[in-house]
Amino acid sequence: MSNDPTNDPPRDDLADEVTQPREVPADDGDSVEEETGPYEEDLGSEVDVEGDVSINEDVEDDDLLGGLEIDSTADIEVPDRLVDQVIGQEEAREIVRRASKQHRHVMMIGSPGTGKSMLAKAMSHLLPKESLQDVLVYHNPDDSNEPKVRTVPAGKGEQIVDAHKEEARKRNQMRSFLMWIIIAIIVGYSLLIARQVLLGLLAAGVIFFAFRYSNRGSDAMVPKLLINNADRQVAPFEDATGAHAGALLGDVRHDPFQSGGMETPSHDRVEAGAIHKSHKGVLFVDEINTLDIRSQQKLMTAIQEGQFAITGQSERSSGAMVQTEPVPCDFILVAAGNMDAMENMHPALRDRVKGYGYEVYMEDTIDDTPEMRRRYARFVAQEVEKDGRLPHFGPDAVREVILEAKRRAGRKDHLTLKLRDLGGLVRVSGDIAKAQGAETVNREHVLEAKKRSRSIEQQFADDYIERRKDYELKVTEGKAVGRVNGLAVMGGDSGIVMPVMAEVTPRQGEGGQVFATGKLQEIAEEAVENVSAIIKKFSGDNIAQKDIHIQFVQSYEGVEGDSASITVATAVISALENIPIAQDLAMTGSLSVRGDVLPVGGVTHKIEAAAKAGYGRVIIPRANSQDVMIEDEYEEQIEVIPVSHISEVLDVALVGEPEKDSLVDRLKSITGKALDAAEGTGAPSGSPSPQ
């Protein structure tokens, strides 16, 4: 940093305690000397539910509270430290702990609402506040467009500025006293001796404005406190998400009066950016790929140098003529985003983070254990306390929230880590209870909140599905040839029934062809072709003399995935063999070219949609059995049938004896080798993840 300006006032002894930015450790390993202070604090990964509560360790596994015995969430003590409130993300928590100790940068990639910003804030709480600094900007008498910059320990900056102001006030008082004496002498001389009143008043006015002009020059010598950390209890945390160049890198205000003694001093127009405000702290940038390339390049320079000069960001502004000396910006960068953030991020910036820091993927779910259920109960208590306006939750309400966390995970024996959305459910539930004057939130309030807290996309999908019911071709009983009730998902978690029809006709061209209509997307088109392989193998040469027409009925919104594969295969085989299909049945599942039924997504919402529509049975992939978490009200309404092979699908879906048995036996003989191989190894059919 620069030396003191030559015209600083005498009381500048406080400013002599200048400090420099902290050196970044040169080694890239984790072996460093243990430090004292906040660095020794962990992230509270072992913190469990505390307060006036007891835990029944002998509780059954199906207890959603994990053995926690409470009257309401008021019994649960919420940790004071933010770091202790983080739930899940064990790997990310450990990386944050290391990064804060080693002064490393971190990139967090994952779905929104998984706790990236909360971990970044927790990181700032781990940094030592003892190293915080104030930054002052001084007038440069040699070049007013290059203000001088100095750093002092936190809290000293205000004292220095006050000292300068006091000296400026004393000088102004002395000059004012001298000015009034001179004016009095001039006015007295013009009135009593020269007898020239007008000339005396004119001279007095000239003296007055001359002294006022000189006072402005004196005021310009007072430094500006650019960064003030006097009252900070923790290291700075700056959220620069979506910040424009000036807000991120600093700026110089435009001055409409640039001459004539009316201009604002250059150093007084300097404004700090987020990179400077986060000095000795954490700079958090979510969706970092949305920053323009030039800002990313300058951010990389600031990371590398640990300091960055402030200049005007607008080329047409008078501030563009001003450029300060380098301003310290020794921060830890926490860059966050979804998977696409890495694609559009400046390669050099990402390389800088990766080479001198950590990259971590944020998990979407976590294992469902009694300990984790108790932490989710604490999460509800945390949300109530943070809001400050909600009644506490009763045990049944907490159970319903945890059950919703299980449903939103989309995986058996897992809980969702998208806690921002789950926190929204907690707040809506509390609002409903408060509006009804309830002392505590109960299960009915949470159930009502689940209906009201739907996203815009979800509301649109539900409204579309409701309007479509007036025109849909729904059949829930009887039997029909070539018609199957398929299932799909709209808006993320709204199930919908989508009938699929198939018809076989004599060929019109060279060789039989498969025609599919219904606004199919690429994956769906490939699924139809995979089904064609099964049909061709099943039918032999007969298909060469026939055309197969497949229609996704009322699919105006389009078909994107391959979860209708078994639906298409069943409809086509039914049409080829003229064997009817039971219409009280709905189905979903992907299909391999060898006849294995593969897992799909959204099975819970599809099953509930089938139950709402009045179907009594539903076929799902056996691999998805662990993902079924339907509401209690639907469990008695519908029978869930898991299958692992197309022959099992046909055995359940087709009706009519002995034609059905003959057909199923024939299909088993054709694809039996693949089926027997899967059963012999004991391995589940299909891929380990939903299609």
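## Nonpolar surface patch

Y189, L191, L192, I193, V197 and L201 form a nonpolar patch on the surface of this predicted model, with about 630 Å² of accessible area together. Patches consist of residues with over 30% relative accessible area and no salt bridge; nonpolar side chains (Val, Leu, Ile, Met, Phe, Trp, Tyr) are joined within 5 Å, and like charges within 9 Å. A salt bridge is a side-chain nitrogen of Lys or Arg within 4 Å of a carboxyl oxygen of Asp or Glu. Accessible areas come from the Shrake-Rupley method with a 1.4 Å probe, and for residues only the protein chains shown count as cover.

Helix 3 (156–193) and helix 4 (197–219) each supply at least two residues of the patch, and helix 3 gives the most, with 4 residues. L191 is placed in helix 3. At a relative accessible area of 38%, L191 is partly exposed; buried means under 20%, exposed over 50%, and partly exposed in between (1.4 Å probe, protein chains only).

## Basis of the model

The model is predicted: local features need pLDDT of at least 70, side-chain atom pairs count only at pLDDT 80 or more, and totals for chains, interfaces and linings use all residues. Residues are numbered from 1 along each chain as its sequence is written, and side-chain values use heavy atoms, with hydrogens and water left out.

## Chain totals

The protein chain has 20 helices and 29 strands. These are DSSP runs numbered from the N terminus (helices: H or I, at least four residues; strands: E, at least two). Of the 691 residues in the chain, 49% are buried.

The chain exposes about 33000 Å², of which carbon and sulfur atoms supply 49%. Among contacts with a separation of 6 or more, 76% are between residues 24 or more positions apart; contact means heavy atoms within 4.5 Å.

## Nonpolar cores

The largest nonpolar core has 34 residues, and those with the most contacts inside it are I550, F552, I566, V572, M587, I619 and V649. Elements that give two or more residues to this core include strand 20 (483–490), strand 23 (546–552), helix 16 (565–577) and helix 19 (646–653). Helix 16 gives the most to this core, with 8 residues. A nonpolar core is a set of buried Ala, Val, Leu, Ile, Met, Phe, Trp, Tyr and Cys residues joined through side-chain atoms within 4.5 Å.

With neighbours within four places in sequence left aside, I566 is in contact with M587, T588, G589, S590, L591, V597, I619 and V649. Another core lies apart from this one; it has 33 residues, among them L65, V380, A381 and L419.

## Aromatic pairs

The structure holds 2 aromatic pairs. In one of them, the ring centres of F237 and F284 are 6.0 Å apart and the planes are at 25 degrees, so the pair is stacked. F237 lies in strand 9 (residues 237–239) and F284 in strand 12 (residues 282–285), so the pair ties together parts 47 residues apart in sequence. Rings of Phe, Tyr and Trp (its six-membered ring) pair if their centres lie within 6.5 Å; planes under 30 degrees apart count as stacked, over 60 as edge-to-face and the rest as tilted.

F284 is buried, with a relative accessible area of 3%.

## Two further buried positions

T365 is in strand 17 (residues 365–367) and counts as buried at 14% relative accessibility. Leaving aside neighbours within four places in sequence, the contacts of T365 are A409, R411, H414, L415, T416 and L417.

L126 lies in helix 2 (residues 116–126) and counts as buried at 1% relative accessibility.
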